[in-house]
Amino acid sequence: MRRGSIVEIVNAIHSKTTSPQQVLSESHQRFRETHEWLNALAQPHYQDAEEVCVKVDRESPLAGVPASIKECFAVEGLQTTLGISSKCGQVDVEDAAIVQRLKACGVVIVGKSNIPQAMYLHETTNPVWGQTNHPETKTRGPGGSSGGDAALVAAGVVPLGVGNDLAGSVRQPAHACGVPSLLPSSGILGTGGAFNTIPNFDVVSSRAGFLASSVGDLSLVADSLGLVHNREEPFRSQRIAVWEDAGIIEPSLAIKRAVREASQALIQAGHHVECIRDDVAQQAAWVMFGFLSADGGRDIQQIFGNDKPIPGIATLLRIGSLPRWIRPFLAAFMWIIGNRIDAAALIATGPRSKKGFKKLIARREEIVAHMRNTAKKFDAIICPVSSLPALKHGTAARLVAAASPCLLANLVDLPAGVVPVTRVTEGEQAGRHSGFDRVLRTAVQTDVGSMGLPIGVQVIGLNGDPAERTVLDLMEAIESRANFSR
């Protein structure tokens, strides 16, 4: 148990060896020490939090635990701007559902964390709150869109971050910053009351999730909220499928090694592990990208109103709005000049007719059926979170496909988690073939200079009562045997 962990804080408060006020004071001190570097807590709330501490029920399950809340969740007295200037000044009048539940468990909210503008990139920056840096290097970001929370947890400002995830937004930052995360299935917490940036899209919804300093902390949070129950049960060997490669971009060498090390940890724990090849994650990613762009970006564009999106988002929206008739010609040109990932993206994304949308629905159903069959053979899947370590600032728009291993769990509504396993070694900063493909060339540059950055693996739950318990148990087995140091 690490100093400042949720388990440690709760035990200390329950035993009256510390107070919520003292815990909050330590969080505030750490915030002051790191804020200039991180810029991750966009709306600090420490003054009001001090008043909350006085009223905390010290017997509550998460008594006195400081938490950051992603900017897309309403917190009474703060703002939900989505990083868009015209939305500044609109004060939240009541707490979002997930905030209410956490407060009822004794959690103390210290403020809102930073997000990418409109939550549209895996890079946490916007014109309202500025750029958030990775906790270990200013040249890279913490990921997104829950990047602010991941940075705050990794830096020790808070032991609990609350985010949401429509396309890897809780898991990708956890991987980038070296902290565990849990994304429950949609029936467990739902959206948590987050602002919906795509109101006309109901095939897949965002889900509330958590980032914490240890898997044990995530288990305590899940148990306190009634998502799972921490009970002593006889050990049962799980059947684990391992995908070393599960996305559009080939994983970096360190990521492949992390998956192998996680697999070995599970074997040591007594689980049955089988390495298999299955391209369903890649198929799911393209289908998910198709769904997310099927309206040509109209929903997102309406959120901006008269505001201009930042350049990376503007580029993606322009590409997303290109009519379908022109896409085959542009894709052919991209293929000829060697940009094969861009060519595939042009065909997979963009505005859809009703008929085209139904085809996407049919493809999703095929993937759902495939995963049902997979669940007959395996209880969980171990695979990459992202194809790359933490991204350099300004590259997220080019490297959207890097987080594609996350999208299967979103598309099929499966619980998933991330556990840190290792760090990039000196010899793992090269070895990627790029050719003329500009996406892969950017990936090569991402690997360069990545030595020492955290690498996590993803655990996707297929079976269990509930499957979230399976995810947490396997994450704990990996964490206890992983050679990862913060």
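**Reading a predicted fold, feature by feature**

Student: Is Lys359 buried or exposed?

Tutor: Lys359 is exposed, because its relative accessible area is 52%, and the general idea is that a residue counts as buried under 20% relative accessible area, as exposed over 50% and as partly exposed in between, with a 1.4 Å probe and protein chains only. Before going further, note that this is a predicted model, in which local features need pLDDT of at least 70 and side-chain atom pairs count only at pLDDT 80 or more, whereas totals for chains, interfaces and linings use all residues. Residues are numbered from 1 along each chain as its sequence is written, and side-chain values use heavy atoms, with hydrogens and water left out.

Student: Where does Lys359 sit, and how far in space is Val287 from Lys359?

Tutor: Helices (H or I, at least four residues) and strands (E, at least two) are DSSP runs numbered from the N terminus, and Lys359 belongs to helix α15, which covers residues 354–377. The C-alpha atoms of Lys359 and Val287 are 9.8 Å apart, although 72 residues separate the pair in sequence.

Student: Which residues touch the most other members of the largest nonpolar core?

Tutor: A nonpolar core is a set of buried Ala, Val, Leu, Ile, Met, Phe, Trp, Tyr and Cys residues joined through side-chain atoms within 4.5 Å. Here the largest one has 152 residues, and Phe73, Leu160, Phe210 and Met371 touch the most other members. The element that gives the most to this core is helix α10 (residues 280–292), with nine residues.

Student: How should I read the backbone, and which residues are joined by a cis peptide bond?

Tutor: Look at omega for the peptide bond: Gly144 and Ser145 are joined in cis with omega of about 10 degrees, and Asp465 and Pro466 in cis with omega of about -5 degrees. Ser145 is in the loop between β5 (130–131) and α5 (147–154), while Pro466 is in the loop between β13 (454–461) and α18 (467–481).

Student: What is the value of phi in Leu82 and in Asp413?

Tutor: Phi is near 60 degrees in Leu82, a positive value in a residue other than glycine, and Asp413 likewise has a positive phi near 60 degrees. Leu82 lies in the loop between β2 (66–70) and α4 (97–104) and counts as buried because its relative accessibility is 0%. Asp413, in the loop between α16 (407–412) and β12 (416–423), is partly exposed because its relative accessible area is 28%.

Student: Which residues does Tyr120 touch, leaving aside those up to four places away in sequence?

Tutor: Tyr120 touches Ile300, Ile313, Leu316 and Leu317, and it lies in the loop between β3 (108–113) and β4 (125–126). Tyr120 counts as partly exposed, because its relative accessibility is 27%.

Student: Where are Val444 and Gln268 placed?

Tutor: Val444 is in helix α17 (residues 438–447) and, not counting residues up to four places away in sequence, touches Arg432 and Ser434. Gln268 is in helix α9 (residues 253–268) and is exposed because its relative accessible area is 53%. From Gln268 to Ala477, 209 residues apart along the chain, the C-alpha separation is 8.9 Å.

Conventions
Contact means heavy atoms within 4.5 Å.
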